[in-house]
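Morning, everyone. Please have the sequence and the model open while I talk.

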Amino acid sequence: MYGANAGDIDVPDRPFDEQLERSLPTSEVLISADYVPLSLAWPVRLAHKLISSNFILTASAQDKQLALSTVQWADSSLCLRECPPLSGMSDSSDAETARPAMPLPLPGSPGSSWAVYREKFKTLFHDADPRVCAAFWFFGLINNVLYVIILSAALDLVGSGFPKGVVLLADVVPSFVTKLTAPYFIHLVPYPIRVLIFVALSVCGMLIIALTPAHNDGGSISTKLAGIVLASLSSGAGELSFLGLTHFYGRFSLASWSSGTGAAGLVGAGAYAVATTSLGLSVRFTLLASACLPAIMLVSFFVILPLGPLSLAAREATQYRAIDDDHDEEYEARHGTREDETNEQDGLLGPEHSRPYAKAAERGKVSRAWASFQENLNRSKGLFFPFMLPLLLVYVAEYTINQGVTPTLLFPLKETPFDQYRAFYPAYNAIYQAGVFISRSSSPFFRIHHLYLPSFLQIANLAVLTLHALFNFIPTVYIIFFIIFWEGLLGGLVYVNTFAEIADRVPAKDREFSLAATTVSDSGGICIAGFLGMAFEVWLCRWQVSQGRKYCTMS
């Protein structure tokens, strides 16, 4: 690979400047196409010095150009947030900063080959732990899939004469309330206990839904809604907990979680449709089978996930609590002298004499708890405009589209691939979920830092589709398919990049709380969109009927 008078130059295990000074002055280096794979493993600084040094004596002009393009590509692959220019490399880097995705070489360029593509992906995923990625992917999938199954089964659960929006609200409002309140106290519950609680709530909720008689009277529906509430509580608490847990496992845990949540839409809706339609299974049996899915969460946490980082964090938290306890003991010791001096009085007064000191210590603990709550509240205020608001806006827009506008985006059947009008909505939902899955899986390859841009684009989608529902100016359903897919891409993109930006920009001591607290935005947006969607659907359908387009009234 290299020709050298003083011997071959291996990848060094000591400082590269020292290795360069000792080896290169007496070396005659040949750089050719074989240089490409090795350059990926060498630090960029050494590669720059090799290219710019006078020791490249036997390389042809073509080989030099190939080496230079390779070094420039390796430079973009190995640097972190922002790469300095080639002429001014910096020795410092921020270990807390996530590496953005860099573009692959263009086909036909000197650096384009399968080997380069493989090395590029190795560079992107070199620090990814397969166990961590698998565990968090299953966390995202199982935590969200029951939510999707419940929404898919809404018609079967409450019948055609009951508003489906009630099922959506029962599936979302408890989750929203949980995300609004739990971040301020859930840190007191260890993660293993939380997982057990989430699994128990999910299983109980699905069993209540499945085992309740299929009558559509008020009592049966109320019981089913109670089961939906339990599953919703589990989902909301699970999302804020697992997102907080990504703080201890690095950027690939967040990417895997987001990808799993995106897959939940496809898996949940697809599995329910296949089970009840293609396989002919009963709704009750399908829901009973889905009640077994939370067991995967148990296996993912207690078997697949390496618990070392979590145990280390727990030990550090215990040490901090021990310091606080020492402070309390020191306070009591300062006042204990007086107690010793009046020992004879203690015998007469008994335990009453020590109560003031115990109360003082207790007041200190309450005071610290209140101070911690106020501190977290201030943190939440700081999260609102950069992170919470764009996530809220994108969810309000996309779920208003999904719940209120898409049921009215109908065309004459002869102009579409469908045989009946009820097939439009499931098709739109599947296309939307595909877009969500792709964009939520994109963070290792593609990042955005300006979260408001896709949020405003989503609002534009809402405006365009609402105007079409009113004035019917889009000529074909296939354009609607593309807009719905684009809607899913934007929604998933804002979700995953909001939490990725928090992981990058929020200090480590505030990060776990910030990740958990920001989850309130998506559930809050869905709640708002649930009410807006019901109003939109009625308004748009009535308008279309008044204009002679009665598709929304046909099944």
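Nine salt bridges are present in this structure, which is a predicted model. Let me take a few of them.

Start with Arg 251 and Asp 127. They form a salt bridge, with the closest N and O atoms 3.6 Å apart. The pair links distant parts of the chain, 124 residues apart. Arg 251 is in helix 11, while Asp 127 is in the loop between helix 5 (114-124) and helix 6. Are these two buried or partly exposed? Arg 251 is partly exposed, at 25% relative accessibility. Asp 127 is partly exposed too, at 43%.

Next, Glu 239 and Lys 179. Their side chains meet in a salt bridge at 2.4 Å, N to O. Glu 239 lies in helix 10 (residues 218-245) and Lys 179 in helix 8 (residues 164-181), so this pair ties together parts that are 60 residues apart in sequence. How accessible are the two partners? Glu 239 has a relative accessibility of 6%, so it counts as buried. Lys 179 is buried as well, with a relative accessible area of 2%.

Third, Glu 501 and Arg 505. The closest N and O atoms of this salt bridge are 3.1 Å apart. Why can these two be related by a helical turn? Because they are four residues apart in helix 19 (residues 477-505), about one helical turn separates them. The ends of the pair sit in contrasting surroundings. Glu 501 is buried at 2% relative accessibility, whereas Arg 505 is partly exposed, with a relative accessible area of 45%.

There is also a network of salt bridges. Its members are Glu 375, Arg 379, Lys 509 and Asp 510.

Now the chain as a whole. The secondary structure comes to 21 helices and zero strands. The chain has 555 residues, and 46% of them count as buried. Take the contacts between residues at least 6 apart in sequence: 78% of them join residues at least 24 apart.

On to helix 12. Which of its residues are buried? Thr 286, Leu 287 and Ser 290 are. They span an arc of only 95 degrees around the axis, so they are on the same side of helix 12. What covers them? The cover includes helix 6 (130-152), helix 7 (154-158), helix 9 (191-211), helix 11 and helix 13 (294-304).

Leu 281 is in the loop between helix 11 (251-278) and helix 12 (283-290). Its relative accessible area is 32%, so Leu 281 is partly exposed. Setting aside residues up to four places away in sequence, Leu 281 touches Ala 275, Thr 276 and Thr 286. Thr 286 is one of the buried residues of helix 12.

Helix 13 next. Ser 300 lies there. At 1% relative accessibility, Ser 300 is buried. Which residues does Ser 300 contact, beyond its neighbours within four places in sequence? They are Ala 135, Phe 138, Phe 139 and Leu 305.

Helix 13 also has a part in a surface feature. A nonpolar patch of about 510 Å² is made by Ile 193, Leu 196, Ile 197, Val 299, Phe 302 and Val 303. Helix 9 and helix 13 each supply at least two residues of this patch. Take Ile 197, which is in helix 9. Ile 197 is partly exposed, with a relative accessible area of 41%.

Last, the cysteines. The structure holds one disulfide. Cys 541 and Cys 552 form it, with their sulfur atoms 2.1 Å apart. The link between Cys 541 and Cys 552 is right-handed, with 85 degrees about the S-S bond. Cys 541 lies in helix 21 (residues 520-546) and Cys 552 in the segment after helix 21, so the pair ties together parts that are 11 residues apart in sequence. Both count as buried: Cys 541 at 16% relative accessibility, Cys 552 at 19%.

Two further cysteines to look at. Cys 292 is exposed, with a relative accessible area of 53%. Cys 527 is buried, at 9% relative accessibility.

That is my tour. Questions, please.

Methods:
Residues are numbered from 1 along each chain as its sequence is written. This is a predicted model: local features need pLDDT of at least 70, side-chain atom pairs count only at pLDDT 80 or more; totals for chains, interfaces and linings use all residues. Side-chain values use heavy atoms; hydrogens and water are left out. Buried means under 20% relative accessible area, exposed over 50%, partly exposed in between (1.4 Å probe, protein chains only). Contact means heavy atoms within 4.5 Å. The arc is that of the directions from the helix axis to the C-beta atoms. A salt bridge is a side-chain nitrogen of Lys or Arg within 4 Å of a carboxyl oxygen of Asp or Glu. Patches are made of residues with over 30% relative accessible area and no salt bridge: like charges are joined within 9 Å, nonpolar side chains (Val, Leu, Ile, Met, Phe, Trp, Tyr) within 5 Å. Accessible areas come from the Shrake-Rupley method with a 1.4 Å probe; for residues, only the protein chains shown count as cover. A disulfide is a pair of cysteine sulfur atoms within 2.5 Å.
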